Amino acid sequence: MNSYEKLLLENKLWSEQRLAADKNYFQRLARHEDPEFLWIGGSDSRVHPNEITGSHPGEILIHRNFGNIVHPDDRNLGSLLRHALVDLQVEHIIVCGHTACEATRLAIRGTDDPWLAPLSQLAQSMKADLQGAKEPVKVLVEASVRAQVESLSRHALVVSTWAKRKAPTLHGWIFDVETGRIRDLVAIGPDQPS
């Protein structure tokens with residue numbers, strides 16, 4: 001059996017298990033999308049939002065990119081933010097970084113990847129702190145999550161939504177790959193802007 005065939009088989013088993021537990025599971029899932037959360041996280045294969053939070057399909061709207069970066073000119077993220085804030089009216093946006101992050105490691109070493117430019121610039125601005133740190137990747141991951149939440153708090157869609165409906169709350173989290181635990185780092189709401 002090829003590796004991709006195993007994925008297809010696992011999907012079949014998963015769907016059969018869901019139907020055995022609840023024959024209407026997929027009918028309900030197909031009816032509408034009504035998540036309370038938007039997750040902006042890294043694309044690391046070890047960190048799946050539903051799995052690490054114990055949530056189910058449909059509970060978290062998920063956006064993933066290399067380094068969990070909030071680029072102000074990212075049209076993909078902008079489109080998803082509009083859908084999340086206007087159509088779905090999510091109450092919380094979570095920016096989640098993780099330890100052992102390869103994007104962060106690359107930024108510390110120096111990379112010319114334009115996508116990682118904000119992370120590389122942050123690493124450069126923290127060069128002295130990172131050189132003196134016992135675990136520089138963890139230090140930069142934390143600083144980056146804070147910076148991404150700050151960036152999100154200045155995004156035009158977030159600012160206008162705060163003015164209209166006093167939501168969402170922005171959260172910065174760190175998932176520790178070594179322990180499996182999430183640490184709540186920072187929260188910014190419409191009444192306590194950055």
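This is a predicted model: local features need pLDDT of at least 70, side-chain atom pairs count only at pLDDT 80 or more; totals for chains, interfaces and linings use all residues.

About 40 Å³ of space lies within the largest cavity, and the count of cavities of 30 Å³ or more comes to one.

Sorted by class, the lining of the largest cavity holds three nonpolar and six polar residues, with no charged residues.

## The two largest pockets

The largest pocket has a volume of about 280 Å³. Its lining is made up of 14 residues, and of these Arg-28, Leu-29, His-32, Pro-57 and Gly-58 lie nearest the centre of the pocket. Helix H2 (25-31) and strand E2 (60-65) are the elements that give two or more residues to the lining of the largest pocket. By class, this lining comprises seven nonpolar, three polar and four charged residues.

The second largest pocket has a volume of about 170 Å³, and the residues that line the second largest pocket are Trp-14, Arg-18, His-48, Asn-50, Glu-51, Ser-55, His-56 and Pro-57. Helix H1 (3-21) and helix H3 (49-53) each supply at least two residues of that lining, which divides by class into two nonpolar, four polar and two charged residues.

## Packing of helices H4 and H9

Helix H4, which covers residues 75-87, packs with helix H9, which covers residues 156-165, at an angle of about 10 degrees, and their axes are 10 Å apart. Angles under 35 degrees count as roughly parallel, and H4 and H9 are therefore roughly parallel to each other.

Gly-78, Leu-81, Arg-82 and Leu-85 on the H4 side meet Leu-157, Val-158, Thr-161 and Arg-165 on the H9 side. Taken by class, the contact of H4 with H9 has four nonpolar, two polar and two charged residues.

One of the residues at the contact of H4 with H9, Arg-165, forms a salt bridge with Glu-91, in which the closest N and O atoms are 3.3 Å apart. Arg-165 belongs to helix H9, whereas Glu-91 belongs to the loop between H4 and strand E3 (92-98), so this pair ties together parts that are 74 residues apart in sequence.

## Backbone details in two loops

Which residue has a positive phi although it is not a glycine? That residue is Gln-89, with a phi of about 50 degrees, and Gln-89 lies in the loop between H4 and E3, where Glu-91 is also found.

A further backbone detail concerns the peptide bond that joins Ala-167 and Pro-168, which is cis, with an omega of about 5 degrees. Pro-168 is placed in the loop between H9 and strand E4, the strand that spans residues 169-176.

Notes
Residues are numbered from 1 along each chain as its sequence is written. Side-chain values use heavy atoms; hydrogens and water are left out. Axes are lines fitted to C-alpha atoms, for helices over the stretch in contact, and angles run from 0 to 180 degrees between N-to-C directions. Helices (H or I, at least four residues) and strands (E, at least two) are DSSP runs, numbered from the N terminus. Angles under 35 degrees count as roughly parallel, over 145 as roughly antiparallel, 65 to 115 as roughly perpendicular and the rest as oblique. Contact means heavy atoms within 4.5 Å. Ala, Val, Leu, Ile, Met, Phe, Trp, Tyr, Cys and Pro count as nonpolar, Asp, Glu, Lys and Arg as charged, and the others, Gly among them, as polar. On a 1 Å grid over the protein atoms alone, a cavity is a set of points where a 1.4 Å probe fits but cannot get out, and a pocket is an open set with protein on both sides within 12 Å along at least five of seven lines; lining residues have an atom within 4 Å of a point. Grid points are joined across faces, edges and corners, and a volume is the space filled by probe spheres set on the points. A salt bridge is a side-chain nitrogen of Lys or Arg within 4 Å of a carboxyl oxygen of Asp or Glu.
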